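Good morning, and thank you for coming. Please look at the sequence and the structure on the screen while I speak.

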Amino acid sequence: MQIRNHLRLLVLLALLAPGLATQAAAQPDKIAQLQPVRQTPVRVVTTVNFITDLVQQVGGDRVRVEGLMGAGVDPHLYKASAGDVRRLQQADLVFYAGLHLEGKMVELLERLPKAIAVTDTIPRERLIRPAGGFQGQYTYDPHVWFDVTLWQLTINQVRDALSRVDPAGASRYRANAEAYRKRLEQLDAFIRQQIAQVPPQQRVLITAHDAFNYLGRRYGLEVRGLQGISTVSEAGTRDVQALADFIVERRIRAIFVESSVPRRAIEAVVAAVRARGWRVTIGGELFSDAAGSPGTPEGTYVGMMEHNIRTIVNGLLGREP
């Protein structure tokens, strides 16, 4: 059965667009190549769920958005199913993060002419280059949404692509985009105000994997991750012991688990710290590579970020959640 499903997936990939490899190489500006759709709502497929929210914010009632990855799904490890490929084929437009966030889907998405990477509008000089990368995949750290000022830049990519396929809705998309941009300006100010409550020497954020470097750079946090920027890598005993030594040396009160990463590695760090005579608590669960469940505040990008910041601040200050 697995072999049959794999063959079916390969056939669907081949049917998506013959010769896409050379076509993609010849079309650096995918938006300019998009064709108008015949009817609305525009059928959009997204990868991670905070991109789903982004498209809904800009598209409003002129789009019908279907996300492939829900709450708690790790995009680094996600594999496209045959059903996913059919959804991509049937969509008018596809939005994904880019920068190799969707590790196992990258080749498929880059070759699909109607698939738009929302991070393509971010100037490369504003991106973080990970030390050594991960097996050569990551030229840049893909977790850009943790710097709200960078995530604001993705709004134009969504607005322009939707306007290209649905010219009649262009004015609506512009208005929605501007309203959402202002909302993210408010979010950025909120985060800076919250982090200011934590004394500078206590602003150390330790999590399961190295997803929060943009948050640290923008808002003044020292960031340490047990794993690298991809959850494909695994933390070993040496990593756990080294992090435990750091926590004891710095007298850190709280470290954090992530919704899309198993918590056993962080629990091992807590135990190693306890064995050294210091007590560190798990300060709460953060959303890293996926937002929360649909219909909850944390299921939106803004709600996800507000939850994370409140959790971090309360944990670092030793407050009850």
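Predicted model: local features only at pLDDT ≥ 70, side-chain atom pairs only at ≥ 80, totals over all residues.

In which helix is His307 found? His307 sits in helix H13, residues 301-316; helices (H or I, at least four residues) and strands (E, at least two) are DSSP runs, numbered from the N terminus.

Residues are numbered from 1 along each chain as its sequence is written, and side-chain values use heavy atoms, with hydrogens and water left out.

Is His307 buried, exposed or partly exposed? With a relative accessible area of 24%, His307 is partly exposed; buried means under 20% relative accessible area, exposed over 50%, and partly exposed in between (1.4 Å probe, protein chains only). Leaving aside neighbours within four places in sequence, His307 is in contact (heavy atoms within 4.5 Å) with Glu285, Phe287 and Glu298. The side chain of His307 also reaches the backbone oxygen of Glu285 at 2.8 Å.

His143 counts as buried because its relative accessibility is 0%. Its side chain makes a polar contact with the side chain of Asp141, at 2.7 Å. A polar contact is a pair of N or O atoms within 3.5 Å; within protein, one must be able to donate a hydrogen and the other to accept it, and residues adjacent in sequence count only if both atoms are side-chain atoms.

Let us turn to the strands. Strands S7 (residues 254-258) and S8 (residues 281-286) run parallel and are joined by 4 bridges; two strands pair if DSSP finds at least two bridges between them. Ile255 has Ile282 in S8 as its bridge partner.

Finally, the cores. A nonpolar core is a set of buried Ala, Val, Leu, Ile, Met, Phe, Trp, Tyr and Cys residues joined through side-chain atoms within 4.5 Å. The largest one holds 80 residues, of which Phe95, Trp151, Leu215 and Tyr301 touch the most other members. A second, separate core has 20 residues, including Leu243, Ile252, Ile255 and Val257. In soluble globular proteins, nonpolar side chains tend to be buried together. Not counting residues up to four places away in sequence, Leu215 touches Phe146, Leu205, Gly220, Leu221, Met305, Ile309 and Ile312.
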